[in-house]
Amino acid sequence: MTPDEIEGGRAFLDVDLAATAIASAAPGHGGGMLDLLSGFIQELRAAGLPVSLTENLDAMEAVRHIPLDDREAFKYALAATLVKNHAHWKAFETIFEVYFSLRGAHYAIDEDEDSAEEIEHLLSELMGEGTAAHGGAMDALSPEELAELLYKALMEGDEAMLRALARQAVTRFAGMEPGRPVGGTYYLYRTLRQLNLEAVLERMMQAAQDGADGGLTSLEERLAKDEYDARIDGLRKEVEAEIRRRLVADRGAQAMAKTLRKPLPEDIDFMHATRDELTALRRALHPLTRKLAVRLARKRRHGRKGPLDFRNTVRHSLSYGGVPAEPKFRYPRPAKPEIMVIADISGSVAAFARFTLQLVYAISSQFSRVRAFVFIDGIDEVTRYFEGIEDITEAVHRVNTEADVIWVDGHSDYGHAFETFWDRWGKEISPKTSVILLGDARNNYHASQAWVLAEMQKKARHLYWLNPEPRSYWDTGDSIVSQYAVHCDGAYECRNLKQLEKFVEQLG
Amino acid sequence: MTDIDIAPRFTSVGAVRDGLRQVQYLADEGIAGVVYLADRLGKPVLVEGPAGTGKTQLAKSVAEMSGARLIRLQCYEGLDESKALYEWNYKKQLLRIQAQRLAEDSGASWSDIEEDIFSEEFLLTRPLLEAIRATEPVVLLIDEVDRVEVETEALLLEILSDYQVSIPELGTVAATQIPMVFLTSNNTRELSEALKRRCLFLHIDYPQLEREKEIVLTRVPGISDHLADQIVRIVRSIRTLELKKHPSVSETLDWARTLVLLGIESIDAEEAKQTLHILLKYQSDIIKAAKELADDGNSARPGGLRPGTAGSGTAGSGAAGSGGRGT
């Protein structure tokens with residue numbers, strides 16, 4: 001254990017857990033621990049994690065078996081009993097960091113005297129004898145020296161030093177003031193801007209290049225960059241954790257957890273997802289498609305029993321002495337539906353359309369045929385982009401850049417798009433086809449041409465409308481969804497993966 | 001909970017980790033911690049994670065470490081209680097009845113026979129019952145539990161929470177000792193709440209760089225430190241790509257063994273490219289990774305390999321591509 005960890009462990013004990021109380025209470029737990037844990041669990045529930053009473057009790061029981069000075073073990077004990085879905089891990093981790101962060105006097109916003117000693121120790125270790133001249137503590141370093149120290153620590157991957165440096169950087173650059181109502185991202189941005197990590201990375205790469213005989217091969221360079229990226233990422237996380245710690249110390253765990261509360265991946269709204277959330281969504285989509293495909297296939301096989309399988313029954317009767325005691329049935333093989341997806345890909349709903357297309361294509365083995373059309377004011381078939389392509393992301397990208405979807409001005413015109421669709425592809429809709437329309441039906445006050453949908457419904461097996469807007473926004477402004485919806489077999493609000501999954505399952 | 005009281009198997013989290021290390025399973029803090037807790041709380045462990053990260057191996061290693069017998073139930077679609085719990089040996093029962101008929105004069109009544117043919121002698125134990133009835137220490141592994149239907153999951157519930165099996169004709173068979181139970185899942189479907197609630201949850205992900213290197217060093221004999229280091233770095237690099245299936249730990253090991261067999265001391269881009277098919281199982285993945293690895297470092301490296309950048313790059317470009325087109 002490094003001195004830092006020991007220090008952290010002690011602080012963790014002193015402040016968070018009334019350790020002595022727990023030790024002395026024979027069957028139950030100390031009041032402090034109980035309060036803290038139930039606050040923690042309440043916050044988990046508030047964040048959307050389903051924590052049952054049994055699991056709550058299990059967690060209480062589990063922490064009794066864990067040495068309280070081992071923060072990692074404590075964390076895993078809670079995780080194992082409370083979080084039963086890996087997609088919820090991130091939410092758990094954030095809340096855990098807030099509730100059980102390392103706390104102590106020197107984590108308060110106005111400043112640390114007691115950590116100087118430990119930094120001095122690290123400094124002299126890293127820089128050798130020379131540091132004595134600086135008076136030992138980091139506070140005395142000039143910005144240039146600090147940058148140099150950071151560079152060296154990153155080059156060597158010295159974690160203890162990086163931790164100390166992150167703390168120092170936050171003290172210097174974040175400009176945190178107690179009670180100031182600013183979010184953590186603001187402080188993070190300020191700190192990272194001063195550290196200028198891009199330049200540091202460049203310098204590290206240069207050094208690696210110079211250090212090798214005859215330069216690095218491209219493979220070596222790539223590996224070196226990965227390594228440095230990982231270290232810098234570690235530093236960034238450390239800075240983030242440090243800021244969070246100080247904010248918790250300033251505002252209290254409950255308030256902090258509330259500001260950090262984020263929707264779980266399956267609840268993220270397509271329309272308002274941030275860049276990071278989109279990445280999380282895409283990650284969540286992949287396992288979802290697998291699950292969905294398995295479930296649909298199973299449903300097809302086990303939905304109901306088919307006609308009697310005479311041959312199989314006779315064969316099995318042999319073990320009953322020729323008595324057909326166990327009748328066997330054929331598996332039913334209901335026809336797979338053909339799907340036509342018609343998606344609005346204008347800016348406002350693009351993300352939604354992309355996820356739906358990806359999902360439908362990822363499980364296309366469950367449908368006999370999938371055809372995709374995209375429109376803004378013109379419409380184009382994009383099925384070919386998906387054919388023979390293994391990487392759906394790329395196909396979707398090509399759809400967005402290559403499809404011919406602009407007719408006049410590139411503002412959504414549902415009426416014109418539907419009319420064109422009907423003229424060109426309408427006759428291909430068969431009684432086996434399910435047509436799915438995706439869009440917010442914000443038609444920029446053009447003509448609706450809703451008759452097309454009425455015709456479609458007559459020919460198709462099913463006609464569905466998926467709208468990424470909350471139901472309360474429907475038919476406000478230029479949205480004319482209900483004019484279309486009357487002709488559909490169903491119009492659904494579809495704002496997140498959970499709703500999308502539910503819809504697709506019903507399709508199969 | 002049951003009131004079976006047995007001495008805990010492990011003294012501390014550290015002891016678990018060391019024990020597993022001795023049987024060549026390198027557990028991280030989380031894995032060791034959960035195994036320790038499972039023992040202390042007498043609860044089953046539900047292990048989830050990508051394929052090939054050592055979920056099944058964990059159960060095997062725990063068995064080996066504690067000197068227990070491993071009883072394995074491989075789940076599949078259509079598994080039922082006669083395959084999982086117990087079955088009456090009806091052939092033997094028929095023989096018994098027939099034998100009785102021949103010796104009708106012996107005076108035994110029907111009720112004697114009935115009592116007789118539903119006795120333990122005619123019971124075929126299946127893995128779950130076997131684990132419960134074992135008197136020596138056992139580790140029960142219920143593999144790929146996500147393959148059974150939701151309804152069949154219910155079969156497991158009694159055994160997982162109470163460590164007992166009810167047989168209508170015989171009564172309840174309770175465990176004499178609490179076996180360690182591991183359930184593995186590849187997450188192809190959501191397991192029922194009831195099952196999850198009864199288990200401790202452990203997600204095993206791809207290991208950290210250092211741990212993976214250690215795994216390679218322990219499991220692949222004759223590999224040099226330098227080569228192992230290169231291998232895990234390249235694997236890490238490949239895992240940041242967006243692929244259909246990422247290389248698992250077992251594939252890393254296969255790759256390492258191949259390279260050792262080929263007598264390669266230090267791997268270069270060309271050799272990496274030629275042996276990629278061991279690491280990756282889809283043609284499209286192989287092409288993609290080969291392209292990335294052979295890519296000349298100085299020319300355009302689109303977005304780099306930084307986790308997140310590669311992902312959000314494509315996500316962003318999609319939105320940006322159409323973003324300019326109005327609404």
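User: How many C-beta neighbours does B:Glu144 have inside 10 Å?

Analyst: B:Glu144 has 18 C-beta neighbours inside 10 Å and therefore counts as partly exposed. A residue is buried if 20 or more other C-beta atoms, placed from the backbone, lie within 10 Å of its own, exposed if 12 or fewer, and partly exposed in between.

User: What kind of model is this, and how is it numbered?

Analyst: This is a predicted model, in which local features need pLDDT of at least 70 and side-chain atom pairs count only at pLDDT 80 or more, whereas totals for chains, interfaces and linings use all residues. Residues are numbered from 1 along each chain as its sequence is written, while chains are lettered from A and ligands numbered from 1 in the order in which they are written.

User: Back to B:Glu144. Where does it lie?

Analyst: B:Glu144 lies in the loop between E5 and H8 of chain B. Helices (H or I, at least four residues) and strands (E, at least two) are DSSP runs, numbered from the N terminus. Although B:Glu144 is not a glycine, its phi is positive, at about 55 degrees.

User: Which residue just after H8(B) takes a positive phi?

Analyst: That residue is B:Tyr163, with a phi of about 50 degrees. B:Tyr163 belongs to the loop between H8 and E6 of chain B. B:Tyr163 is buried, because 23 other C-beta atoms lie within 10 Å.

User: And H8(B) itself, where does it bend?

Analyst: Helix H8 of chain B, residues 150-162, bends by about 35 degrees at B:Leu156. The bend at a residue is the angle between axes fitted to the seven residues ending there and the seven starting there. B:Leu156 is also one of the buried residues of H8(B), together with B:Ile159 and B:Leu160.

User: What covers those buried residues?

Analyst: The cover includes helix H7 (127-133), strand E5 (138-143), strand E6 (164-167), strand E8 (180-185) and helix H9 (193-198) of chain B.

User: New topic: how many helices and strands does each chain have?

Analyst: Chain B has 16 helices and nine strands, and chain A has 22 helices and six strands. Buried residues make up 35% of the 327 residues in chain B and 37% of the 508 residues in chain A.

User: At what angle do H10 and H12 of chain A cross?

Analyst: The axes of H10(A), residues 184-195, and H12(A), residues 218-251, cross at roughly 135 degrees and come within 10 Å. Axes are lines fitted to C-alpha atoms, for helices over the stretch in contact, and angles run from 0 to 180 degrees between N-to-C directions. H10(A) and H12(A) are therefore oblique to each other; angles under 35 degrees count as roughly parallel, over 145 as roughly antiparallel, 65 to 115 as roughly perpendicular and the rest as oblique.

User: Which residues meet there?

Analyst: Among them, A:Tyr187, A:Leu188 and A:Leu192 in H10(A) meet residues of H12(A) that include A:Val239, A:Ile243 and A:Leu247. Two residues are in contact if their C-beta atoms, placed from the backbone, lie within 7 Å.

User: What about H19 and H20 of chain A: how far apart are their axes?

Analyst: The axes of H19(A), residues 414-425, and H20(A), residues 451-459, are 9 Å apart, at an angle of about 40 degrees. H19(A) and H20(A) are therefore also oblique to each other. Their contact is made by A:Phe418, A:Glu419 and A:Trp422 of H19(A) and A:Val452, A:Leu453 and A:Glu455 of H20(A).
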